[in-house]
Amino acid sequence: MTPAELSQAVQAAVSAAVEAGELAVAVPEHVTIERPKNRDHGDYATNVALQLAKPAGKPPRAVAELLAERLRGITGVTKVDIAGPGFMNITLDAATQGELARTIVEAGPAYGRNEALKGLKINLEFVSANPTGPIHIGGVRWAAVGDSLGRILKATGADVTTEYYLNDAGVQISKFARSLQASANGRPAPEDGYVGEYIADIAKAIVEGVPGVLDLSEDEQLEVFRTEGLKLMVAEIQRSMEEFGTHFDVWFSEKSLHDSGAVEKAMERLREQGHVFEQDGAIWLRTTDFGDDKDRVLIKADGETTYFAADAAYYLSKRDRGSEVSVYMLGADHHGYVNRLKAIAACAGDDMDRNIEVKIGQFVKMLRDGQEVRLSKRAGNIITIDDVVEWIGVDAARYMLARSSTDSTITIDIDLVTSQKAENPVFYVQYAHARMCSVQRNAVEKGITRSADFKPELLSTEWESNLLGELAQFPGVVAKSGEWREPHHVATYLEKLAREYHRFYDNCQILPKGDEEVTDLTHARLWLADATRTVIANGLTLLGVTSPERM
């Protein structure tokens with residue numbers, strides 16, 4: 001029995017009590033079921049009686065006893081105790097707990113998937129670094145977190161579109177083009193321009209790919225370097241994202257907003273909502289009405305359209321494409337964007353607390369030999385995605401970048417995450433999976449196959465019970481990660497599950513030794529090991545990390 005199934009059983013008990021006239025309450029849409037820290041308090045606990053006591057007009061313990069009496073009659077429930085002010089502690093028999101192993105194995109990759117966000121249309125935008133250089137370490141964090149979140153949201157039933165916003169218009173693109181032009185002509189980079197080996201590489205590629213480009217006028221050259229440089233840089237970003245296992249459904253061009261007239265249409269729509277005004281020759285959006293620290297300029301007095309106008313048009317584009325919730329994942333230097341983006345939604349007539357979410361990711365530090373690594377040879381002054389992959393690999397990078405809350409700054413020790421030590425989180429989890437695969441291989445070598453005559457009641461030791469209890473938590477963890485938009489809960493769970501498996505493995509003999517007989521317990525433990533392998537593989541898949549069979 002899973003926590004979800006037990007939750008439904010408690011709901012049914014409440015419904016039965018209501019139908020019998022014993023409780024005058026609305027049946028709750030969801031009943032929280034938790035695993036007690038102290039296992040002496042049972043296998044699961046719920047506080048539903050405390051929640052229902054006030055509307056029922058009864059003491060919490062009285063409500064708890066009404067529900068407990070019904071739960072005690074459910075097959076598999078051996079005991080329901082009332083604790084404290086009205087908590088219900090529920091104990092299941094070994095067979096009911098052990099049956100979960102069969103449920104997981106038979107579900108396979110589907111175990112953990114749920115419908116917590118069924119049908120919700122989400123536009124998830126992340127990374128979105130300017131296409132003027134390689135993806136830096138902050139963008140790498142979002143590549144790991146954003147792609148993992150997209151996978152988790154889909155696993156919770158949401159209709160998700162992952163998107164990369166290409167800032168391919170404006171001042172930075174002009175600086176990029178001038179930097180390429182200067183490099184191709186053997187001149188120093190312009191002031192505030194871009195430097196690094198990648199600039200020289202791209203400039204060289206353009207000169208070789210566009211014969212005679214250096215014979216053109218300065219203005220004609222600049223346009224070639226702008227157009228071709230942007231193509232090459234975007235292709236480079238797409239390559240690095242693909243190699244990192246990060247997929248985007250849409251690569252959205254900022255330039256397309258201007259070329260299609262979407263920016264002007266957006267301003268008209270905002271004007272119709274009554275939040276656009278003119279002042280000092282410029283056109284503004286009154287974002288202070290919705291918590292922004294100042295109103296924002298849409299069109300400057302000289303007629304130039306601002307980045308903010310494109311931001312407004314981009315948000316409206318997401319809504320027009322069917323997004324109910326637009327999630328923006330921004331870097332640590334973008335705190336000031338939170339209120340202004342929310343204000344755009346409000347000015348467009350949307351609910352700024354529901355239709356738009358802005359997440360800020362903190363900085364990442366990397367250490368080698370105890371010293372912070374700061375520079376990249378190729379980019380000149382930043383750590384790039386290719387550096388990270390070269391130093392620690394895709395799996396370690398994705399796992400370590402996704403395993404912490406985005407609210408916290410993280411430090412990655414290169415020496416640790418490339419070691420095969422229990423202190424290395426990604427190794428610890430992957431090793432648990434490999435260990436289970438080794439058990440399966442050894443079983444095959446001994447001619448042992450998992451018997452269909454599974455006796456779940458034999459999984460009765462504390463280590464087996466603890467492992468089963470942890471396996472039962474996985475669907476809830478996935479649902480919580482999706483609802484809270486925080487993939488790190490999956491990583492935290494996997495590390496805890498791996499710890500429980502290692503304890504089980506060290507204390508419970510799975511396969512017979514020497515001439516020992518194959519027993520029903522052997523088969524039961526093979527089911528349990530396979531169930532655990534399934535859940536760890538499913539969890540790693542949600543994080544975009546591989547599940548090695550040998551290590």
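This report walks through a predicted protein model, from its overall build to two single residues.

Residues are numbered from 1 along each chain as its sequence is written.

**Overall build**

The protein has 20 helices and 14 strands. Helices (H or I, at least four residues) and strands (E, at least two) are DSSP runs, numbered from the N terminus. Along the principal axes, the C-alpha atoms fill a box of roughly 85 × 65 × 40 Å.

Of the 551 residues, 53% are buried. Buried means under 20% relative accessible area, exposed means over 50%, and partly exposed lies in between (1.4 Å probe, protein chains only). The accessible surface comes to about 24,600 Å², computed by the Shrake-Rupley method with a 1.4 Å probe. Carbon and sulfur atoms hold 48% of that surface.

Contact means heavy atoms within 4.5 Å. Take the contacts between residues at least 6 apart in sequence: 71% of them join residues at least 24 apart.

**The cores**

In soluble globular proteins, nonpolar side chains tend to be buried together. A nonpolar core here is a set of buried Ala, Val, Leu, Ile, Met, Phe, Trp, Tyr and Cys residues joined through side-chain atoms within 4.5 Å. The largest one has 134 residues. Its members L67, V127, I392 and Y399 touch the most other members. Beyond its neighbours within four places in sequence, Y399 contacts residues including P425, V426, L494 and L540. Another core lies apart from the largest one. This other core has 31 residues, among them F252, L285, I299 and I356.

T522 sits in helix α20 (residues 520–542). N114 sits in the loop between α4 (94–107) and β4 (121–125). The table gives their accessible areas and their contacts, leaving aside neighbours within four places in sequence.

| Residue | Relative accessible area | Contacts |
|---|---|---|
| T522 | 6% | I448, I510, L511, P512 and E517 |
| N114 | 18% | A155, T156, G157, P475, V478 and A479 |

Why does N114 count as buried? Its relative accessible area is 18%, and buried means under 20%. The side chain of N114 also reaches the backbone oxygen of P475 at 3.4 Å.

Note on methods: Predicted model: local features only at pLDDT ≥ 70, side-chain atom pairs only at ≥ 80, totals over all residues. Heavy atoms only, no water. Polar contact = N/O pair within 3.5 Å; in protein donor to acceptor, adjacent residues only side chain to side chain.
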